[in-house]
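Visitor: Hi, could you help me look through this structure? I'd like to go step by step.
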Amino acid sequence: MQSPLLSVIMPVYNGEKYLSETIDSILNQTFTDFELLILNDNSTDGTQAIIESYQQKDSRIKVIVKEANVGPANLRNEGFSLSKGEYVALMDADDIALPSRFEKQVQVLNTKPEVGVCGTWFTFFGGKKDKTVRQPENHAKIKVSFLSSCSIGNPTVMVRKSALGAYRFENQYVPVEDYDLWSRMITATDFYIVQESLLQYRQHDSNISKTKIDNVNRSVRAVKINMLKQFGIDSSDANIDAYLNALTLKRKLTPEEIKQTIKAAKFLISQNEKLGNFDAKLLKKQIDSVLLRTVRNAKKYDMSFFNYLKKEENDLFRRIGFLDKTLLFFKCVTG
């Protein structure tokens, strides 16, 4: 039997509530040359019965049933290893793929051999209000934006198997293992995001525990520190927090901390001029935006801070808009 062009990997755990809707959205794609690998993570509800009912009707469905719960990161890695397609698409068991998703992403990978990872815009639904997440299209912009956040929706990803190679999700970065994987791959292959929402991303009304928030923050920080290596910065550098603050807004910094952040920003820009890992104009634009917002959200203000910005950081000061500059002056006068 000829191998399909595309393999679709979908982990599921106790997903009976939305599983049928998700599977239907995959089987009804306009692009049909794919296998669907469903990895059942030892579900205890009616998930397996739903899967089997679909498998009897569609031979493209392959099922792996785990005897113990191993988590979605391990399941996706197993799917990577089992996949037979030249391309691999990710899918979550409660989302909905629009009918043309696979067709449009396959077209990108077929016509752009330099692209190894292709995503799409996506739309949050199921909450109080639908919201479409729009991300940059070309590789240079995506790469710079990754320094601040994960700029690709994991369940929208289609990856070229040859570009994937030995790259895998790492459990130490859970629950942001996707941010880690794509931040590593973006240094080795081009990324591209289809400028159209082709996936509906289901929101669940559930409270996120403080422990999970802490784990997210810890893992995101670790991923960003790893990315600083592209500037020649080691994780043991004493100024690591200042570098991170230059790339992502940190509110309520003191004037002294802001001064350190501005100094760190200059170092990042100068290092990139030497190493050339990022588009220089795009990087400076992103850093300038972070710095301006950092000044706007300072913890406290005084005239010495205003005079420092005006005299010592004139380039940054000139970029502050008239109204913001007026407000900044007023805050510095009143303290």
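Visitor: Is R221 buried, partly exposed or exposed?
Guide: Keeping in mind that this is a predicted model, R221 comes out as partly exposed, because its relative accessible area is 35%.

Visitor: And which residue does R221 form a salt bridge with?
Guide: The salt bridge of R221 is with D241, and the closest N and O atoms of the two are 2.8 Å apart. R221 belongs to helix α8, which covers residues 210–227, while D241 belongs to helix α9, so this pair ties together parts that are 20 residues apart in sequence. As for D241, its relative accessible area is 41%, so D241 is partly exposed.

Visitor: You mentioned α9. At what angle do α9 and α10 pack?
Guide: Helix α9, residues 240–247, packs against helix α10, residues 255–275, at an angle of about 80°, and their axes are 8 Å apart. That angle is why α9 is described as roughly perpendicular to α10.

Visitor: Which residues make that contact?
Guide: On the α9 side they are A242, Y243, N245, A246 and L247, and on the α10 side they are Q260, T261, A264, A265, F267 and L268. Sorted by class, the contact of α9 with α10 has 8 nonpolar and 3 polar residues, with no charged residues.

Visitor: Back to salt bridges: how many are there in the whole structure?
Guide: A search of the whole structure finds 14 salt bridges. Among the residues involved, K284, D288, D315, R318 and R319 are linked in a network of salt bridges.

Visitor: What about R60, which residue is its salt bridge with?
Guide: R60 forms a salt bridge with D58, where the closest N and O atoms are 2.9 Å apart. R60 counts as buried because its relative accessibility is 18%, and D58 is buried too, with a relative accessible area of 15%.

Visitor: And K66, where does that one lie?
Guide: K66 lies in the loop between β3 (61–65) and α3 (72–82), and E78 lies in helix α3, so the pair ties together parts that are 12 residues apart in sequence. The two form a salt bridge, with the closest N and O atoms 2.9 Å apart.

Visitor: New topic: which strand is S197 in, and what does its side chain join up with?
Guide: S197 lies in strand β9, which covers residues 190–202, and a polar contact of 2.6 Å joins the side chains of S197 and T123. Leaving out residues up to four places away in sequence, S197 touches L98, W121, F122, T123 and T132. S197 counts as buried because its relative accessibility is 18%.

Terms used:
Residues numbered from 1 in each chain as written. Predicted model: local features only at pLDDT ≥ 70, side-chain atom pairs only at ≥ 80, totals over all residues. Heavy atoms only, no water. Axes fitted to C-alpha atoms, helices over the stretch in contact; angles between N-to-C directions. Helix = DSSP H or I, 4+ residues; strand = E, 2+ residues; numbered from the N terminus. Parallel < 35°, antiparallel > 145°, perpendicular 65-115°, else oblique. Contact = heavy atoms within 4.5 Å. Nonpolar A, V, L, I, M, F, W, Y, C, P; charged D, E, K, R; others polar. Buried < 20%, exposed > 50% of the residue type's maximum accessible area, 1.4 Å probe, protein only. Polar contact = N/O pair within 3.5 Å; in protein donor to acceptor, adjacent residues only side chain to side chain. Salt bridge = Lys/Arg side-chain N within 4 Å of Asp/Glu carboxyl O.
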